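Biologist: I am new to this structure and would like to know what stands behind the words used for it. Could we go through them one at a time?

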Amino acid sequence: MKTYEQINNRIESGKAVVLTADEIIDYVEKKGLATAAKEVDVVTTATFGPMCSSGCVLNFGHSKPKIRMSEAWVQDVLVYTGLAAVDVYLGATQLRHSDPANMDHPGEFRYGGGHVMEDLVAGKTLQLFGLSYGTDCYPLREIRTYFTIGDLNQAIMLNPRNCYQNYNVAINDSQRSIYTYMGTLEPDRKNASYCSAGQLSPLLNDPYYETIGVGTRVWMAGAHGHVYAEGTQHAGGGARTPDGIPKGGAGTLALTADMKQMRQEFVRGMSFRGYGVSLALGIGIPIPILNKDILKRTCVSDREILAPVVDYSTDYPQNTGKVLCHVNYEQLRSGEIEVEGRKVAVGSLSSYYKALEIAHLLADEIRRGDFRLVEPIAYLPKETTMKPLVIREKPL
Amino acid sequence: MSQTVTKKLMLFFPRCECEKPIIYHLVKDHNLIVNVYRAKVTPDEEGYLVLDVTGTEEDIQQGMTFVKTFNVSVNYTGKGVTLDEEHCTHCGHCITHCPTEALHITNRATREVAFNEAKCIECLACIRVCPFGACSSAF
Ligand code: SF4
Ligand code: SF4
């Protein structure tokens, strides 16, 4: 048994033993659970992939004369202005003004909110265009100016839903190509697409949310941020394997961090042909090895994690809830899965390569004493399930 | 007869050279086997052609000397499709869409993705599916 304080003391003295979530598997096999639990202080987990429910709050400071922007665009991408005068919220999936979307199907969606976020972190010069109806206190009615992230008072990433615990494997059961947020899926189950770091993924290494909770310090694209709430659609109460690994989406995290500390290589705009734009983000989360059970759960391997295979031509869009079968991440990583007796080529949207890099970067920061762990101030619910949106008649 | 080799080339035809039967002469006068992957004439009437030529080193050399008399530039390295290493996240999403394994995983442990130019048949599938815009075409 260890406490957060003991672990942080070891981090401070530069003596902490830190391993990544893939290294720990062999380590525990060699040393045994009891010895390893005494020796190891922290296991680092990570993920890099599309996180559509991301965005950022930007504060521009005041112009002379002042404006209260009632509509605004950054790089021609609409931002939300229903906040105080010069605060805006930029969302990752917002299209650029005049993007033809799917008018010429499938659209290319070359640039949108996620790309603006990447350019912002990269330090590029961006355009702000704002309109206002003008008031006595905020008389300016139109503004066009250029800025970089350094000119902003704050650029704070504020993501309602990141780090899905587990995720679907998408497949196409129809006779035409379909264009989804899981990529292009060829007809007749010709290919499949998955999206998780599997054995490296944060919430798969802490399946019961024993250490990752509200207040947990996380590594977000190089910045030190934290979990500020359970993520939207967090539903810890779904089906699990006997070892407690969720067999579907399950838990999610709401994360925030200062974008001024972020690195561009981990904040990347995405374009999905025929679907839209998004943001790929790199996140690392340390798991303190407080006891044997927590350690044991970080030893989860790709073979033990099951993902549901779902048809994105009918079952997903029609919300039928049907799952064709489950496959494990070892099979997924081999590049080929078997669905109802037929072999299907499978590709990933989440980058294991980048996740591994992040797990090592975070481990190094902890070993150097640059990243301390924080005990959650509240825990994520384990029992909740996801409610559907019911389309109702207007009540009389 | 000396050994035959296959070389992948990209030819760039400046304005006005597009109409000449250059490929015909490569086959007929220089004994080359030609396999065209992709050809395009831009709205400015400039032409691009990516192809394999098979023949003896000598014939290929002479063929290219002939091609160059038309003001056509021959590129042995910069091919039609390229992978920008800086932009690639190694997600592996392109791999199931690449028909030839030109895009492939080089390291099973780290899942690093690499591009083998020699295997690329310029189908352009990767350009359509890479969500990070890491694959691009010279034309
Ligand atoms: S889809 Fe794009 S980013 Fe992903 S591995 Fe292929 S080239 Fe790299
Ligand atoms: S152009 Fe086609 S063959 Fe070449 S790398 Fe891309 S997908 Fe593969």
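What follows is a conversation about the terms used for this model and the values behind them.

Modeller: This is a predicted model, in which local features need pLDDT of at least 70 and side-chain atom pairs count only at pLDDT 80 or more, while totals for chains, interfaces and linings use all residues. Residues are numbered from 1 along each chain as its sequence is written, chains are lettered from A and ligands numbered from 1 in the order in which they are written, and side-chain values use heavy atoms, with hydrogens and water left out.

Biologist: What makes strand 20 and strand 21 of chain A edge strands?

Modeller: Strands are DSSP runs of E with at least two residues, and helices are runs of H or I with at least four, numbered from the N terminus; two strands pair if DSSP finds at least two bridges between them. In chain A, six strands form an open, mixed sheet in the order 20-19-10-13-22-21, and strand 20 (325-328) and strand 21 (336-339) each pair on one side only.

Biologist: How do you know that strand 10 and strand 19 of chain A pair?

Modeller: The pairing rule asks for at least two bridges, and strand 10 (residues 169-171) and strand 19 (residues 306-311) of chain A have three, in the parallel sense. Within this pair, Ala170(A) stands opposite Val310(A).

Biologist: Why is helix 4 of chain A called largely enclosed?

Modeller: Buried means under 20% relative accessible area, exposed over 50%, and partly exposed in between, with a 1.4 Å probe and protein chains only. Nine of the nine residues of helix 4 (residues 113-121) of chain A are buried, so this helix is largely enclosed by the rest of the structure. Among them are His115(A), Glu118(A) and Asp119(A). Helix 4 of chain A is followed by Gly123(A), whose phi is positive, near 85 degrees.

Biologist: What makes a set of residues a nonpolar core?

Modeller: The members are buried Ala, Val, Leu, Ile, Met, Phe, Trp, Tyr and Cys residues joined through side-chain atoms within 4.5 Å. The largest such core has 117 residues, of which Ile24(A), Phe60(A), Met259(A) and Met262(A) touch the most other members. Helix 8 (residues 352-367) of chain A gives the most to this core, with eight residues. A second, separate core of 18 residues includes Val169(A), Ile171(A), Leu324(A) and Leu332(A).
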